[in-house]
Amino acid sequence: MTDEILYESISVGDITIKLAKKNLEHDDAGADPYFFDEDYSPAAATGFTVWEGSRLMVDKLQTMDCVAGSHAVELGSGTGVAGLCAAALGAHVVLTDLAPVVQGALSVNVKLNVRDNTDATSNSPWVGACSVAGTSAGSAVAGVLNWCKPAPEQQLAALAHKPQATHIDMVLAAECVWLLELVQPFVQTVVSILTNFTDKRGDAPVCLMSFKERAVTESTFATKQHLDTAFAEYGFEMQPIARATSADNRDQVLYNITKRTG
């Protein structure tokens with residue numbers, strides 16, 4: 001009999017992030033305990049695994065000077081790889097997903113990486129944030145944000161101490177859009193955050209999104225063209241900034257989502 005939960009460590013420079021993830025080879029892997037939860041969906045069921053797009057984003061975060069001290073939100077966090085690594089690099093991060101994922105994966109992984117149960121409330125804008133082990137004074141907390149419910153910017157603001165005064169410097173989305181049905185709610189959520197929040201300088205937040213093309217023919221999978229079209233409808237565009245080859249020899253691309261100019 002195999003273990004239901006596997007533990008993995010990811011290195012971020014001199015820092016080690018600990019992760020608990022679902023073992024897909026476990027005897028009961030097909031029996032999802034969150035199946036009857038209100039927010040359950042097939043998309044939510046994938047939130048218990050570590051995806052390659054998270055690693056590509058982590059590699060990029062380690063090269064950025066603006067991470068330490070930033071206020072960040074991760075969308076569709078799943079196991080929380082990108083958000084926890086950003087916190088280890090000094091960011092104050094709220095890691096968001098559907099309620100079943102927050103309960104079954106995100107909250108667990110945040111607790112695995114808390115530094116001496118140190119309360120980070122005074123430094124973080126997010127309610128309940130705890131300091132994360134790392135070289136900088138970053139913090140993390142898990143929270144529910146459902147893209148398919150109205151007013152995602154209000155859902156996000158509700159996770160902050162001072163909703164009206166909260167600034168957001170970075171939005172992270174690591175390979176969390178793979179079904180076609182997720183494209184519109186995801187894009188609307190990103191656009192809502194980028195247009196309703198500003199960073200500490202008053203500019204739009206930086207938004208990093210990793211994506212892998214899965215569709216080879218017309219299917220239920222999202223494509224880059226679907227995302228391009230959806231973002232263009234709101235005046236935004238996807239600019240590639242990093243690339244890697246995934247285990248199945250497909251391109252894994254990291255994009256910067258920005259407002260179109262001109």
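Start by selecting Cys176: does this residue count as buried or exposed? Cys176 counts as buried, at 10% relative accessibility; buried means under 20% relative accessible area, exposed over 50%, and partly exposed in between, using a 1.4 Å probe and protein chains only.

Before moving on, a word on what you're looking at. This is a predicted model, where local features need pLDDT of at least 70 and side-chain atom pairs count only at pLDDT 80 or more, while totals for chains, interfaces and linings use all residues. Residues are numbered from 1 along each chain as its sequence is written, and side-chain values use heavy atoms, with hydrogens and water left out.

Stay with the cysteines. The structure holds 0 disulfides (pairs of cysteine sulfur atoms within 2.5 Å). For Cys176, the nearest cysteine sulfur belongs to Cys207, 9.2 Å away. Now pick Cys148, which is exposed, with a relative accessible area of 61%.

Next, select Glu175. Glu175 sits in the loop between strand E8 (170–174) and helix H6 (180–196); helices (H or I, at least four residues) and strands (E, at least two) are DSSP runs, numbered from the N terminus. Its phi is positive, about 45 degrees, although Glu175 is not a glycine. Most residues other than glycine have a negative phi. Glu175 is buried, with a relative accessible area of 4%.

Hop over to Ala151 for another positive phi, about 50 degrees, again not at a glycine. You'll find Ala151 in the loop between strand E7 (139–144) and helix H5 (152–157), and Ala151 is partly exposed at 24%.

(Rings of Phe, Tyr and Trp, the latter by its six-membered ring, pair if their centres lie within 6.5 Å; planes under 30 degrees apart count as stacked, over 60 as edge-to-face and the rest as tilted.) Phe186 lies in helix H6 and Phe231 in helix H7, so the pair ties together parts 45 residues apart in sequence.
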